Amino acid sequence: MAAKSIISRPVYGTLSPQPGKHHLFIADAEGALAISDMAARAPAGFFEGAEIVYIPDPGGKHVAALEALKPAQFHQAPSFASLLPRLKQTLSNAHMGLRLYLAGTEGLIGQAMQVALEAGIDHTSMQTEHRGSLARRMQCVHCKGITENVTTQPAICAHCGLLLLVRDHYSRRLAAFQGVCINAEDRSEMPPIEEAFP
Amino acid sequence: MSTGTTKLDVVVSDVVPVNELVTRFHFRRRDGELLPTFSGGAHVVVEMRDGDRTRLNPYSLMGSPLDTREYTISVRRDDVGRGGSLFMHRSVKAGLEMVISYPVNLFSLDLRAKKHLMLAGGIGITPFMAQTAQLAGEGGNFELHYTCRTASLGTYADLLRERYDRRIRLYHDDLDERIELDRLLSTQPLGTHLYVCGPAGMINWVRDRAASLGWPPEAVHFEHFAAPQPGLPFDVTLAVSGKTIRVGEQQSLLEAIEAAGVDPPYLCRGGVCGQCETNVISYDGKFIHNDHWLSEEDHRSGWKIMPCVSRFEGKSLVLER
Amino acid sequence: MGITFRKETFRDDFTFRNSPEHIRRFPFPFHEDAYMYAVNIEPHVIGPKGSVLENLIDVDEHYVAEMQDRALVLAEDPLRCQSLPHMTLAGWDLLELLMEQQALGYPEHFTLERDGDRWRWINRPLGIDDTFTFGDTSTLPYGPMEYITRQSQGDFCILDQRDGNLWMDAGMVTTQADWSLDFDIGMNFFEWHAPVPLAHEKGIFVRALKFLTNIQQGKPARRLNWTMTVNPRLDTSPENYHKWGPDRTTVTPENVGDKVHLRVELQSFWRLPRSNGIVFPIRCYLIKMDELVTQPKWARRLHRVIRDLPEELATYKGLTRYRPTLVEWLSKLDDGSATSSGFGPD
């Protein structure tokens with residue numbers, strides 16, 4: 001994580017068991033490890049009221065470890081887009097007292113949070129833990145297109161092709177960092193493109 | 001940077017006894033103009049001139065925010081309190097000219113809520129009178145659970161039932177009717193906000209149960225103005241203004257400071273808003289903190305006091321005022 | 001006697017100018033020969049006649065042209081005006097505030113007639129005469145915030161107050177100093193100010209938030225902020241940065257006086273009565289260097305401020321490319337003599 005950043009840059013914590021009877025976990029790839037680590041600190045019977053929704057890496061790593069926690073429900077999805085209808089249905093039927101735990105890549109955390117915000121969960125009540133890739137979702141402030149998995153600084157907008165400075169300024173509503181044209185004043189200036197978010 | 005509220009010159013336009021403990025007061029502007037618009041949950045501070053004593057007590061506005069021809073408050077008589085409610089009941093008659101503050105809202109609705117769940121105890125019903133009127137006008141989704149000692153002390157219960165029918169649930173202590181709190185809190189749709197106003201014990205109970213059942217604090221709103229408690233008289237030195245004052249048995253520290261001609265900012269006078277927070281320069285004795293503003297750490301430190309509701313017992317107290 | 005509204009543009013041929021009276025009333029933001037952030041908030045009360053504080057909501061000779069420019073921006077990009085679903089009530093609060101203040105300050109141009117919730121609004125400069133039901137969105141051609149802010153100079157941010165913070169949940173933003181409402185909507189006070197350098201470390205925003213959350217009805221507050229813009233362009237949005245950014249490379253010693261503009265924001269803060277929100281009007285005033293230096297005190301002081309501005313601030317305000325040219329040009333108007341304290345010209 002960047003040494004010096006700004007206040008709008010999301011800060012992730014360490015998952016910790018919350019009071020209540022209903023717990024919904026959404027994780028991808030190495031986010032599973034955050035759930036396993038938390039399970040070691042959870043009170044007995046905690047996962048009896050839990051649902052885990054997991055997007056594994058192609059190899060299916062960590063699936064067995066999560067199933068071993070014996071959650072009330074376990075669901076595997078190949079991508080975030082594929083679990084979206086299910087997630088929306090779960091949230092629209094849920095009651096106050098449901099606690100949300102998000103773990104894994106920033107893209108996953110941000111997009112799941114976006115759906116939960118719309119369902120009426122306050123962002124400060126969600127538990128988050130970042131694990132794995134630092135790749136960013138970026139919104140081009142000029143054409144409004146979202147570019148997924150941005151790893152370089154600057155980065156090219158996948159929609160309009162402008163060369164964008166990837167800022168730390170982050171919008172929960174859009175689940176994206178802001179990209180602003182880096183050579184707007186003089187398009188002949190071409191700063192080198194470097195790997196920044198591995 | 002100064003804070004505080006503007007004052008309104010009003011006349012008491014009506015005084016209506018509601019039941020054996022509660023009386024309603026209506027205020028209009030002396031100049032005949034409309035009163036400022038307000039939002040449900042707002043209060044005003046009423047200035048009571050009782051001989052050479054001035055009391056300033058906060059009361060929730062209970063009329064509809066859509067009607068600003070008059071403001072209404074309801075005052076419950078407290079026979080063992082410091083006398084503010086007794087003054088209102090005994091000395092305030094229609095036609096009396098009074099001064100009240102602009103409305104201030106420290107208990108406002110979260111308008112993002114998909115549903116508003118309201119819990120009232122006793123005279124804690126008053127802010128909900130305005131909030132339900134506001135929400136009903138906008139087609140808002142709300143449900144009010146109201147606990148009172150007996151049906152005859154269920155202030156405005158009939159009126160609320162008439163206005164909102166089954167959105168109002170009543171519980172009477174004398175009939176041993178109890179709110180099934182855990183069940184209620186466990187069956188609310190996601191996006192519900194909870195509001196509670198009533199005695200301190202009720203507020204603490206509801207907040208505790210909500211937290212245990214997984215409700216995040218952002219969705220739990222409560223209003224509890226602590227009334228200043230009477231206590232032993234004590235002496236205070238005001239270092240900035242160079243005055244030494246005595247706080248009487250029935251007087252709050254803030255009132256004693258004001259009586260000496262020093263005017264700290266205030267909004268709620270109930271230990272909630274933080275405006276009158278005062279630094280302690282030195283002390284020898286013990287504080288009786290009654291506020292909801294300072295942290296426990298602040299309370300232990302002996303560096304700060306909320307003069308609107310808190311007191312002191314001991315040899316000496318020097319404040320930065 | 002009413003205001004004579006200028007016919008002018010803020011784009012393409014840039015015909016924007018200030019009349020001599022408007023130069024005199026320009027809200028020059030530096031009270032001394034140096035600039036640093038401070039919580040420079042004061043009560044928003046009526047100021048002297050002939051100043052921009054003569055009325056609490058100021059309408060000036062640029063009104064009609066600014067409203068035409070706003071309409072062009074919105075036609076191109078409707079996302080500059082947004083309101084999250086829970087903010088409609090606050091929009092009505094703002095409509096009431098702006099109609100009342102404009103009618104009060106400029107009765108020859110604006111009239112508000114109220115009969116219960118039946119309201120009639122006459123805006124003569126824009127040729128509007130509408131009757132509607134207050135609180136009923138279906139009786140207006142736009143939502144209440146958009147309707148009235150298409151008829152009011154300046155940007156408007158409406159903030160919801162919850163959990164001890166302020167949340168930017170609605171706004172009309174077409175004359176901004178390089179920030180995006182579409183990106184920042186829904187953020188809290190600290191988050192949307194996050195890109196501002198130095199001020200967080202100084203605790204400015206913590207103190208400012210404490211003050212703003214305690215603003216009471218009937219007691220608005222204000223502060224000034226400033227930046228600089230090349231060409232009198234109102235719409236310096238990040239959305240269009242790739243279109244206006246190249247302007248910054250066009251400043252030469254010959255055209256500084258005409259091209260470089262001081263851009264001052266008069267920000268005010270008002271408690272909204274029904275929603276308990278806060279509205280934050282950001283009124284933008286532009287003045288070109290040629291106009292500003294007609295007041296010798298302002299010329300001397302601006303030279304010293306720009307010359308000594310910390311590098312982070314110069315970068316944040318986008319001055320880096322043309323600062324040397326500007327400072328050199330201003331230095332010729334600074335004989336080193338003292339400036340009187342206070343904002344006004346001598």
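Let me begin in chain C, where G127(C) sits in the loop that runs between β4 (118-123) and β5 (128-133). Before I go further, please keep in mind that this is a predicted model. Is G127(C) buried or exposed? Because G127(C) has 8 C-beta neighbours inside 10 Å, it counts as exposed, the cut-off for that class being 12 or fewer.

I turn now to chain B, which is divided into three parts, namely domain 1 (7-105), domain 2 (115-223) and domain 3 (234-319). Taking domain 1 and domain 2 of chain B, we find their C-alpha centres 24 Å apart. To the contact between them, domain 1 of chain B gives 16 residues and domain 2 of chain B gives 12 residues. On the domain 1 side of that contact, the residues divide into 7 nonpolar, 8 polar and 1 charged.

Next comes a sheet of chain B, an open one in which 5 strands follow the order β10-β9-β8-β11-β12, with parallel pairing. Which strands stand at its edges? They are β10 (168-172) and β12 (220-223) of chain B, and since each has a single partner strand, one side of each is left without a neighbour in the sheet. Averaged over the sheet, and with direction ignored, neighbouring strands are turned by 15 degrees against each other.

Looking at one pair in detail, strand β8 (residues 115-121) and strand β9 (residues 142-148) of chain B run parallel and are joined by 6 bridges. Within this pairing, H116(B) has F142(B), in β9(B), as its bridge partner. Helix α3 (residues 157-164) of chain B packs on the sheet, where it touches β9 and β10 of chain B, and the direction of the helix makes about 155 degrees with that of β10(B).

Finally, I would like to consider the contact between chains, to which chain B contributes 17 residues and chain A contributes 18 residues. Which elements of chain B give two or more residues to the side that touches chain A? Those elements are α4 (181-186) and α5 (200-212) of chain B. In composition, this side of chain B, the one touching chain A, divides into 8 nonpolar, 7 polar and 2 charged residues.

Notes: Residues are numbered from 1 along each chain as its sequence is written. Chains are lettered from A and ligands numbered from 1 in the order in which they are written. This is a predicted model: local features need pLDDT of at least 70, side-chain atom pairs count only at pLDDT 80 or more; totals for chains, interfaces and linings use all residues. Helices (H or I, at least four residues) and strands (E, at least two) are DSSP runs, numbered from the N terminus. A residue is buried if 20 or more other C-beta atoms lie within 10 Å of its own, exposed if 12 or fewer, and partly exposed in between; C-beta atoms are placed from the backbone. Domain bounds come from an automatic or database domain assignment. Two residues are in contact if their C-beta atoms, placed from the backbone, lie within 7 Å. Ala, Val, Leu, Ile, Met, Phe, Trp, Tyr, Cys and Pro count as nonpolar, Asp, Glu, Lys and Arg as charged, and the others, Gly among them, as polar. Two strands pair if DSSP finds at least two bridges between them. Axes are lines fitted to C-alpha atoms, for helices over the stretch in contact, and angles run from 0 to 180 degrees between N-to-C directions.
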